[in-house]
Amino acid sequence: MKVYYNDNVVQAALKRTRFIYQHFGDKTYVSFSGGKDSTVCLELAHIVAEEMGLLPVNVMWLDQEAEWGMTVEYAKRVFSLPWVKPYWIQTPFILDCSLNGHDGGLKCWEGDTIREKDPNSIHEIPGSKDKVFYDTLDLIQKELFKDGCTIYGMRCEESPNRYLGLVTIKKFVGPEVWGAVSKPKRAAVIYDWSTSDVWKFISEHDLDYNRLYDFQYAKGLPIFRMRVSSLIHETAFTALDYAQELEGEMWEKLTERIHGINTYKHCPEAYQIPKKLPVMFQNWREYRDFLLIKLIQDEKHLESMKKAFERDDKKTPFYPKDVASRVYLTHIKTILADDYYLTGLTNLKALTGKYDQAIVKKTGGVI
């Protein structure tokens with residue numbers, strides 16, 4: 001497979017998509033979230049599957065229950081398209097939730113749910129009940145698309161850590177960085193697109209899209225806060241700032257279902273890092289340790305964070321002062337959001353990776 005340095009991003013993405021369909025045929029599916037990136041991936045798959053006589057396009061959406069009404073409506077429009085074969089998944093699983101960390105996350109599609117399950121959705125995937133989001137995605141592909149490949153809308157512009165992940169994993173496409181030899185296999189066919197590339201493609205192809213973006217644009221939200229998927233994930237819960245204004249009925253059900261939603265609405269500063277170190281602490285590390293003991297009540301979460309922080313504490317003396325400060329601020333953010341899956345720390349590796357490699361050489365791997 002050639003590396004297409006001379007192509008524009010659309011031509012390159014189409015060639016990647018053709019490669020996937022050539023090798024996986026009708027075992028190819030598009031992972032759909034209702035967002036702009038998966039909208040582009042869906043249309044790329046549509047173009048290629050049509051020209052290769054492989055319609056319909058398999059489209060899978062793992063519904064996270066705490067979804068915007070506009071996202072649900074957009075998903076329904078996509079699933080009604082004649083060239084789409086829908087896999088709308090509403091199986092029980094555990095969703096990260098920074099606002100109710102005391103009970104280990106939202107147990108989606110169990111008990112008194114925010115929305116009724118759709119009669120046309122897949123209501124259960126065996127083994128999903130005790131799994132978290134990404135493990136559930138893996139399980140779905142193994143159950144429904146064994147030996148297949150996922151086309152998904154990951155873009156490196158959104159996160160340096162995403163680029164780091166792509167360039168360090170084993171590939172199934174020679175020197176290309178967009179295809180992983182993981183089980184299940186995944187293909188980030190638009191990994192090198194910018195946000196402007198995405199919207200230009202949607203406009204030029206006159207594609208339907210999630211109208212929640214129009215509201216977010218009108219409110220003046222920065223691009224990195226324009227998220228249309230789960231409302232309660234640790235990287236997205238700031239959407240609750242305007243959820244009541246936009247979808248009042250959904251908001252009422254959300255507050256009844258999930259502990260901490262209303263607290264965030266009235267006390268958002270409780271989830272924010274102070275701009276200055278509180279005067280009673282000598283440094284950010286001391287402040288972090290105080291918050292850790294006072295705020296994290298779940299023993300499992302506490303132990304997980306302690307171990308992660310202790311690993312970083314051994315390395316931070318070797319970091320430049322500004323990088324060390326960034327590490328401690330990320331620790332504090334992890335505590336305030338009860339980010340018990342340590343998503344923020346994972347993203348931090350893109351910043352600290354080169355220093356960590358130098359430390360390993362310097363200490364002989366002791367740290």
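# Close-up views of the predicted model

**View 1. Helices H11 and H13 are roughly parallel to each other.** The two helices (DSSP runs of H or I of at least four residues, strands being E runs of at least two, both numbered from the N terminus) are part of a predicted model, in which local features need pLDDT of at least 70 and side-chain atom pairs count only at pLDDT 80 or more, whereas totals for chains, interfaces and linings use all residues. Residues are numbered from 1 along each chain as its sequence is written, and side-chain values use heavy atoms, with hydrogens and water left out. The axes of H11 and H13 (residues 321–336) lie 9 Å apart at an angle of about 15 degrees; axes are lines fitted to C-alpha atoms, for helices over the stretch in contact, and angles run from 0 to 180 degrees between N-to-C directions. Angles under 35 degrees count as roughly parallel, over 145 as roughly antiparallel, 65 to 115 as roughly perpendicular and the rest as oblique. H11 passes H13 in a left-handed crossing (the near helix is turned anticlockwise from the far one by less than a right angle; clockwise gives right-handed). From H11, Trp284, Arg285, Tyr287, Arg288, Leu291, Leu292 and Leu295 are in contact (heavy atoms within 4.5 Å) with Tyr328, Leu329, His331, Ile332, Ile335 and Leu336 of H13. This contact of H11 with H13 comprises 10 nonpolar, 1 polar and 2 charged residues, where Ala, Val, Leu, Ile, Met, Phe, Trp, Tyr, Cys and Pro count as nonpolar, Asp, Glu, Lys and Arg as charged, and the others, Gly among them, as polar.

**View 2. Helices H11 and H12 are roughly antiparallel to each other.** H11 (residues 284–295) packs against H12 (residues 299–315) at an angle of about 165 degrees, and their axes are 11 Å apart. The crossing of H11 past H12 is left-handed. On the H11 side, Arg285, Arg288, Leu292 and Ile293 take part, meeting Leu302, Met305, Lys306, Phe309 and Asp313 on the H12 side. The residues of the contact of H11 with H12 divide into 5 nonpolar, no polar and 4 charged.

**View 3. Helices H1 and H2 are oblique to each other.** The axes of H1 (residues 9–24) and H2 (residues 36–51) cross at roughly 55 degrees and come within 9 Å. Their crossing is right-handed. H1 contributes Ala13, Leu14, Thr17, Arg18 and Tyr21 to the contact, and H2 contributes Leu44, Ala45, Ile47, Val48, Ala49 and Glu51. By class, the contact of H1 with H2 has 8 nonpolar residues, 1 polar and 2 charged.

**View 4. A cis peptide bond joins Leu55 and Pro56.** Omega of this bond is about 5 degrees. Pro56 is located in the loop between H2 and E2.

**View 5. Ring pairs link Phe32, Trp61, Tyr74, Phe79 and Trp88 into a cluster.** A search of the whole structure finds 16 aromatic pairs; rings of Phe, Tyr and Trp (its six-membered ring) pair if their centres lie within 6.5 Å, and planes under 30 degrees apart count as stacked, over 60 as edge-to-face and the rest as tilted. Phe32 and Phe79 form a tilted pair, with 6.3 Å from centre to centre and 55 degrees between the planes. Phe32 belongs to strand E1 (residues 28–32) and Phe79 to helix H3 (residues 69–79), so this pair ties together parts that are 47 residues apart in sequence. Both Phe32 and Phe79 are buried (buried means under 20% relative accessible area, exposed over 50%, partly exposed in between, with a 1.4 Å probe and protein chains only).

**View 6. Glu65 is buried in the loop between strand E2 (57–62) and H3.** The relative accessible area of Glu65 is 0%. Phi of Glu65 is near 65 degrees, a positive value in a residue other than glycine. Not counting residues up to four places away in sequence, Glu65 touches Leu106, Lys107, Cys108, Trp109, Thr113, Ile114, Arg115 and Arg257. The C-alpha atoms of Glu65 and Thr91, which are 26 residues apart along the chain, are separated by 9.8 Å.

**View 7. Trp109 lies in the loop between strand E5 (106–108) and helix H4 (133–144).** Trp109, a residue other than glycine, has a positive phi near 60 degrees. Its relative accessibility is 5%, so Trp109 counts as buried.

**View 8. Tyr264 is placed in helix H10 (residues 261–266).** Tyr264 counts as buried because its relative accessibility is 3%. A separation of 9.0 Å lies between the C-alpha atoms of Tyr264 and Thr238, which are 26 residues apart along the chain.
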